[in-house]
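Have the viewer open as you read.

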Amino acid sequence: MPDVDRPRGAEQALAGEKALVTGASRRLGRRIAERLADAGAEVALHYRTDRAGAEETAEAIGASSPVLRADLSDPDEAARLVEEADQALGGLTLLVNNAATFRRTPLESMDASDFDTFMSVNARSVYVLSLVAGRLFKARGRGAIVNLADVAGLVPWPGFIPYSASKAAVISLTKGFAKALAPEGRVNAVAPGPVLPPVGEPSEQGEQAVAKTLLKRWGSPDDVAAAVIFLATAPYVTGQVLPVDGGRSVNG
Ligand SMILES: NC(=O)c1ccc[n+]([C@@H]2O[C@H](COP(=O)([O-])OP(=O)(O)OC[C@H]3O[C@@H](n4cnc5c(N)ncnc54)[C@H](OP(=O)(O)O)[C@@H]3O)[C@@H](O)[C@H]2O)c1
């Protein structure tokens, strides 16, 4: 069986690997799933509401990718998702925690339930998925996890306090599970900056975010997918958070 910890050529860097991508019905999750498949991985595609979107991703991949439903705000469904993916793929070796919820929470209107929503969907799900997958990886002697954090998890945004806190938790979970799963498993995170404008957010918001990057432009889903593949295949990298943000995180 190919080993996730053995360096290989870039083209089929993930040949033999069996990956679960959460939130693979659209946008970044879809592109990450496609690029993992291009790199040779078998990929199970998770969705919550958008089965048609996940099936479109499977079609784009062109293989018989398992399509699996779970509401990740429910810890039992999150745990079951890992078990189903493991069974469908015949042994999971890579978990990409991409699914998340995102919306503005202004100071004037945010409340306790906003905190619970963001923490359960964005952070507790990563905890449960990593716990269940991590135990499998530890027992089998190998496996890797790549989390989708956000630069807002490094420096919080005032209009998105519970979202930012949930992504800070993802960064902490990345480091904690890296310690707990070593030396058998590796855990890293990508922290994207502005890549795809959030649905329903005013466009000037996105342009302001881009203005704060050093490179003064949007990133692309392929930029993020390339970082995911790097972290999935880098044998001596664990516990790290890689900003893919056009320099946003060093720009004051
Ligand atoms: N877009 C960016 O520029 C950007 C920047 C920084 C960080 N990120 C991070 O990158 C990741 C992907 O971003 P994106 O913009 O592509 O996200 P998105 O368009 O908002 O997609 C979110 C995905 O998460 C799933 N999801 C939402 N709530 C869920 C729940 N309760 N249970 C299970 N699945 C749920 C959705 O599934 P269904 O559609 O099936 O319901 C969807 O596939 C996220 O972690 C995000 O925080 C993105």
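At what angle do helix 3 and helix 4 pack, and how far apart are their axes? Keep in mind that this is a predicted model. Helix 3 covers residues 75-89, helix 4 covers residues 112-140, and the two pack at about 35 degrees with their axes 9 Å apart. The crossing is right-handed. On the helix 3 side, look for Pro75, Ala78, Ala79, Val82, Glu83 and Asp86. Across from them, helix 4 brings Arg124, Ser125, Val128, Leu129, Val132, Ala133 and Leu136. Sort those contact residues by type and you get nine nonpolar, one polar and three charged.

Now for another helix pair. Helix 1 (residues 27-38) and helix 7 (residues 221-233) have axes that come within 9 Å and cross at roughly 50 degrees, and that angle is why helix 1 counts as oblique to helix 7. Here, too, helix 1 passes helix 7 in a right-handed crossing. Helix 1 puts in Arg27, Leu28, Arg31, Ile32, Arg35 and Leu36, while helix 7 answers with Pro221, Asp222, Val224, Ala225, Val228 and Ile229. That contact splits into eight nonpolar and four charged residues, with no polar ones.

Next, the sheet. Strands of a sheet pair through backbone hydrogen bonds, either parallel or antiparallel. This sheet is open, with seven strands in the order 3-2-1-4-5-6-7 and parallel pairing. At the edges sit strand 3 (67-69) and strand 7 (241-244), each pairing on one side only. On average, neighbouring strands are turned by 20 degrees against each other, ignoring direction.

Zoom in on one end of that order: strand 2 (residues 42-47) pairs with strand 3 in the parallel sense over three bridges, and histidine 46 stands opposite leucine 68 of strand 3. Helix 2 (residues 51-61) packs on the sheet, touching strand 2 and strand 3, and its direction makes about 165 degrees with that of strand 2. Helix 7 turns up again as well: it lies across strand 4 (94-97), strand 5 (143-148), strand 6 (185-192) and strand 7. Relative to strand 6, helix 7 runs at about 160 degrees.

Last stop, the ligand. Of the 25 residues around it, Gly23, Arg27, Leu28, Ala100 and Val195 come nearest.

Definitions and conventions
Residues are numbered from 1 along each chain as its sequence is written. This is a predicted model: local features need pLDDT of at least 70, side-chain atom pairs count only at pLDDT 80 or more; totals for chains, interfaces and linings use all residues. Axes are lines fitted to C-alpha atoms, for helices over the stretch in contact, and angles run from 0 to 180 degrees between N-to-C directions. Helices (H or I, at least four residues) and strands (E, at least two) are DSSP runs, numbered from the N terminus. Angles under 35 degrees count as roughly parallel, over 145 as roughly antiparallel, 65 to 115 as roughly perpendicular and the rest as oblique. A crossing is left-handed if the near helix is turned anticlockwise from the far one by less than a right angle, and right-handed if clockwise. Two residues are in contact if their C-beta atoms, placed from the backbone, lie within 7 Å. Ala, Val, Leu, Ile, Met, Phe, Trp, Tyr, Cys and Pro count as nonpolar, Asp, Glu, Lys and Arg as charged, and the others, Gly among them, as polar. A residue is near a molecule or strand if its C-beta atom, placed from the backbone, lies within 6 Å of it. Two strands pair if DSSP finds at least two bridges between them.
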